[in-house]
Amino acid sequence: RNRRAMRSSPPPLLRLLLATLPLSTAASRVQASSTSQLASTAGVTRPTAITARGVSDHRRAASTRGGLLGRHDRRRAVLSQAAGALGLAASAPPASAALTKESEWPLWLALPVAPYSRRKTIRREVGPGVWAFDQLIGIYYVHVPIRMTVVKMESGGLLVYAPVAPTKECLSLLQPLIDAHGPVKTIILPSVAVEHKVNAGPFARAFPAADFYAVDQQYSFPLPLPAVFLGLPSWTKPLPRSSEGLDATWLGGEFEHAVLTVKPGPGSYFQDVALYHRPSKTLLLCDAVLSVTEEPPPILTSDPEYVRALLFHARDDPLELVADTAANRRKGWRRIVLLFNFFIPGATQADIGLKPLLALDPTFELGWGGWQPFTWRAASEEASFARYSANGRPTLLPIIQIILNRGVADGSLRRWVSTVQRWDFERVVPAHLDAPIALGPAQFAEPFDFARDGGNEVRFCDEDVALLREAEKGPLSFSVGTTALGPLTGAECALGNSNPRIVSAPGWTPLTGGLKWTPK
């Protein structure tokens with residue numbers, strides 16, 4: 001009953017810099033308390049030793065006590081064993097179930113962003129013995145994939161990188177891999193970002209026999225709290241900064257890793273784990289590298305409820321109902337990518353006054369009352385996306401480049417890139433946007449060329465990064481320090497014809513109201 005009530009009234013959050021936000025004190029208390037209750041209800045405790053067979057028995061015992069798995073899951077487990085016996089072909093289509101009650105996530109209030117309690121999961125094989133488990137995350141229908149990667153270990157069992165919400169659906173999609181390859185042995189939380197660590201604790205509690213590692217600079221705001229208050233289980237271990245010098249049996253002797261650690265400003269850290277799996281020649285990353293093409297990711301087209309985001313952003317008028325076509329899906333995705341990266345892209349004009357609010361219609365079937373504060377310019381929008389996407393060439397989120405250029409002076413970024421380039425990988429699987437990326441060590445350094453060149457250039461349009469450049473001087477100045485590389489700068493694309501980027505009610509000018517298209 002409580003879950004239904006929460007789902008019916010999602011909070012009206014409009015903006016969140018997920019890449020830089022720590023886990024808030026209040027949210028961490030909710031998440032830690034709720035996950036502890038969930039584990040307690042399921043009868044889950046951390047045993048000293050459990051065999052692969054014992055893990056299965058342990059999960060069945062929890063099921064009979066009304067815990068993580070129920071009757072439907074047991075039926076699905078029988079079917080999944082048959083599927084496992086037949087093998088899991090790389091050419092198989094993404095595996096998922098309908099968006100049902102098994103997709104529900106009761107702990108969504110720990111980070112109250114879309115899709116709230118309805119967390120659909122799809123599974124795709126993205127490399128030999130490597131599977132992506134995609135869910136969705138976003139605000140104002142700016143929905144993007146958030147990805148967990150599971151690797152089959154040659155020594156037996158599974159490694160899980162960047163856990164997502166362990167819904168019943170997610171666990172049921174994982175079960176065939178467990179049946180075929182052995183239990184979850186290792187779980188790695190590769191980030192300090194709230195959208196990743198908020199689900200890591202619940203996932204680890206679902207597999208209490210697995211080793212659980214987290215990067216070592218976890219923090220909270222506004223008060224520093226110990227890991228137990230961040231929702232992480234008591235058996236959490238700090239992930240070593242590098243695999244160099246570790247015992248040859250570390251992670252079965254199949255993996256190498258290097259942790260990138262940057263302190264962008266007072267009270268915060270950025271960390272990302274490059275994890276290389278030698279047998280599959282696959283490199284796993286969290287937020288450090290991204291790639292995107294014009295085709296929406298499979299998770300956004302996996303259910304009619306999720307397709308709404310694409311059609312919502314494909315509108316040119318507030319109450320327009322666009323047809324569900326491939327072209328409109330690509331159009332919506334293009335705009336989502338630009339908003340996700342630049343917040344107010346150069347191809348738009350944002351009206352933060354009353355006009356968009358007065359046009360709201362609460363019956364509008366795509367949601368949000370049709371609220372549309374952005375006016376898009378079609379030609380500029382396509383030019384902007386083309387420069388950002390570059391047909392899928394790897395790049396960085398602009399906000400991540402702002403963070404990373406604070407790690408140049410001490411050489412940490414250059415050392416990390418050099419370490420990764422020594423590994424013989426053929427593909428990269430990041431935690432967001434497209435995956436896998438066909439990328440080897442020779443091309444890996446390209447997104448980080450700004451550090452080598454001593455500047456802060458991006459390949460994007462300068463009008464797109466203008467807002468973030470101004471934010472470095474204002475709203476972000478409390479959390480990021482100065483850099484010798486200067487502000488973000490890009491190519492002049494003439495996206496806005498020197499018109500104001502932001503408009504509002506006459507006589508009222510917000511702090512950003514004077515921002516022009518090319519303040520450089």
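Is R393 buried, exposed or partly exposed? At 40% relative accessibility, R393 is partly exposed, where buried means under 20% relative accessible area, exposed over 50% and partly exposed in between (1.4 Å probe, protein chains only). The model is predicted, so that local features need pLDDT of at least 70 and side-chain atom pairs count only at pLDDT 80 or more, while totals for chains, interfaces and linings use all residues. Residues are numbered from 1 along each chain as its sequence is written, and side-chain values use heavy atoms, with hydrogens and water left out.

Overview. The protein contains 15 helices and 20 strands, which are DSSP runs numbered from the N terminus (helices H or I, at least four residues; strands E, at least two). Of its 520 residues, 57% count as buried. Among contacts with a separation of 6 or more, 72% are made by residues 24 or more positions apart, a contact being heavy atoms within 4.5 Å. The accessible surface comes to about 21,100 Å², and 56% of this area belongs to carbon and sulfur atoms; accessible areas come from the Shrake-Rupley method with a 1.4 Å probe, and for residues only the protein chains shown count as cover.

**Close-up 1. The salt bridge between R393 and E446****.** The side chains of R393 and E446 meet at 2.3 Å, N to O, in a salt bridge, defined as a side-chain nitrogen of Lys or Arg within 4 Å of a carboxyl oxygen of Asp or Glu. This pair links distant parts of the chain, 53 residues apart, with R393 in the loop between α10 (378-389) and α11 (398-404) and E446 in the loop between α13 (441-444) and α14 (449-453). E446 is partly exposed, with a relative accessible area of 34%.

**Close-up 2. The salt bridge between D462 and R469****.** A distance of 3.0 Å, N to O, separates the side chains of D462 and R469 in this salt bridge. D462 is buried, with a relative accessible area of 0%, and R469 also counts as buried, at 4% relative accessibility.

**Close-up 3. The salt bridge between D324 and R329****.** The side chains of D324 and R329 form a salt bridge at 2.7 Å, N to O. D324 is partly exposed, with a relative accessible area of 45%, and R329 counts as partly exposed at 23% relative accessibility.

**Close-up 4. A network of salt bridges****.** Salt bridges link D316, K331, R334, R335 and E381 in a network. The structure as a whole holds 20 salt bridges.
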